[in-house]
Amino acid sequence: MKESILLLIETQVLDDRLVVLDRRLNSLLVELGEGESRVSVLEAEAEDTEGERKACLARARDIENDLLIDEARAIKWEDESNRMRDVGSAEIARQKVQTLRDKIAGEEEEALSLLEKAEVLVGRIQEAKETMKEASVEFQTFRTTVKEDQKTLEEEKANVVARKSVALDSVAMEARAAYEKLVDSRNGQPLAVIRGSSCAGCGMTVPPNDMGRAMGLTGLVACRSCSRILIPDQVWKDATGDGDEAAGEGSSEG
Ligand SMILES: [Zn+2]
């Protein structure tokens with residue numbers, strides 16, 4: 001049974017490593033997504049500004065068309081007012097001409113300011129495109145680095161998975177079953193070191209009888225409180241060369 005216990009320790013260490021590797025792989029994905037969306041936002045900004053400029057130009061064109069029509073109408077009323085004999089009608093016609101002239105002046109002003117705005121937007125579009133291009137180049141470089149990191153991590157992960165599989169395959173069947181039964185419910189830590197005379201997984205005191213059996217390494221001894229498989233501190237340290245961080249520590253759940 002000692003051999004199986006040592007293999008289970010190795011398995012849990014490898015499981016811990018897998019958790020770290022998965023976390024790092026995930027954070028790379030998150031970083032990639034963030035970088036990508038930064039570029040998209042800049043792209044959208046450039047497009048929006050382009051759209052705004054087009055709208056300004058279109059509106060200016062419409063106003064200029066209205067202006068031409070108003071101009072023609074003003075000329076027509078001017079001619080008519082000159083030909084009218086009735087003083088009252090001529091005055092009304094002149095007022096119409098004046099109203100149209102005022103309207104034309106307003107339209108000219110509006111069209112001009114729209115064209116000026118479109119001109120300003122040309123500069124902003126240029127800036128936005130440059131910023132986007134820089135961000136895009138930066139992102140490509142970043143992505144290349146991330147892809148390399150991903151590859152390295154994936155390779156290590158495959159290696160760890162293979163080693164874990166080899167270790168688990170050599171564990172006695174019932175010990176393997178006990179480990180696998182606990183792996184999900186105990187947050188990937190089915191083993192707990194006996195620290196002093198307590199289970200490091202849940203803090204519960206290990207009864208002397210269980211303690212003796214665990215120390216003997218003749219069979220699996222489960223913590224009576226959290227069900228984790230109890231491992232003598234020294235055995236864990238010898239197996240992992242790890243004096244600081246032992247199994248089950250840091251997890252507060254029962
Ligand atoms: Zn416990």
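Helices (H or I, at least four residues) and strands (E, at least two) are DSSP runs, numbered from the N terminus. The protein as a whole has a mean pLDDT of 93, and 95% of its residues reach 70 or more.

This is a predicted model, in which local features need pLDDT of at least 70 and side-chain atom pairs count only at pLDDT 80 or more, while totals for chains, interfaces and linings use all residues. Residues are numbered from 1 along each chain as its sequence is written.

Let me turn to helix packing. Helix α1 (residues 2-83) and helix α2 (residues 87-169) have axes 5 Å apart and pack at an angle of about 165°. Axes here are lines fitted to C-alpha atoms, for helices over the stretch in contact, and angles run from 0 to 180 degrees between N-to-C directions. The angle therefore makes α1 roughly antiparallel to α2, a term for angles over 145 degrees. The crossing of α1 past α2 is left-handed, meaning that the near helix is turned anticlockwise from the far one by less than a right angle; clockwise would be right-handed. By class, the residues of this contact comprise 39 nonpolar, 7 polar and 36 charged. Ala, Val, Leu, Ile, Met, Phe, Trp, Tyr, Cys and Pro count as nonpolar, Asp, Glu, Lys and Arg as charged, and the others, Gly among them, as polar.

Next, α1 also meets helix α5 (residues 233-240): their axes come within 10 Å and cross at roughly 65°. This crossing is right-handed. On the α1 side the contact is made by Leu6, Ile9, Glu10 and Val13, and on the α5 side by Trp236, Ala239 and Thr240. These residues divide into 5 nonpolar, 1 polar and 1 charged.

Finally, the domains. The assignment, which is automatic or from a database, gives domain 1 (10-169) and domain 2 (173-240). Their C-alpha centres lie 60 Å apart. Across the boundary, 8 residues of domain 1 are in contact with 8 residues of domain 2, contact requiring C-beta atoms, placed from the backbone, within 7 Å. On the domain 1 side, α1 supplies the largest share, 7 residues. That side has 3 nonpolar, 2 polar and 3 charged residues.

Note on methods: Contact = placed C-beta atoms within 7 Å. Parallel < 35°, antiparallel > 145°, perpendicular 65-115°, else oblique. pLDDT = per-residue confidence, 0-100.
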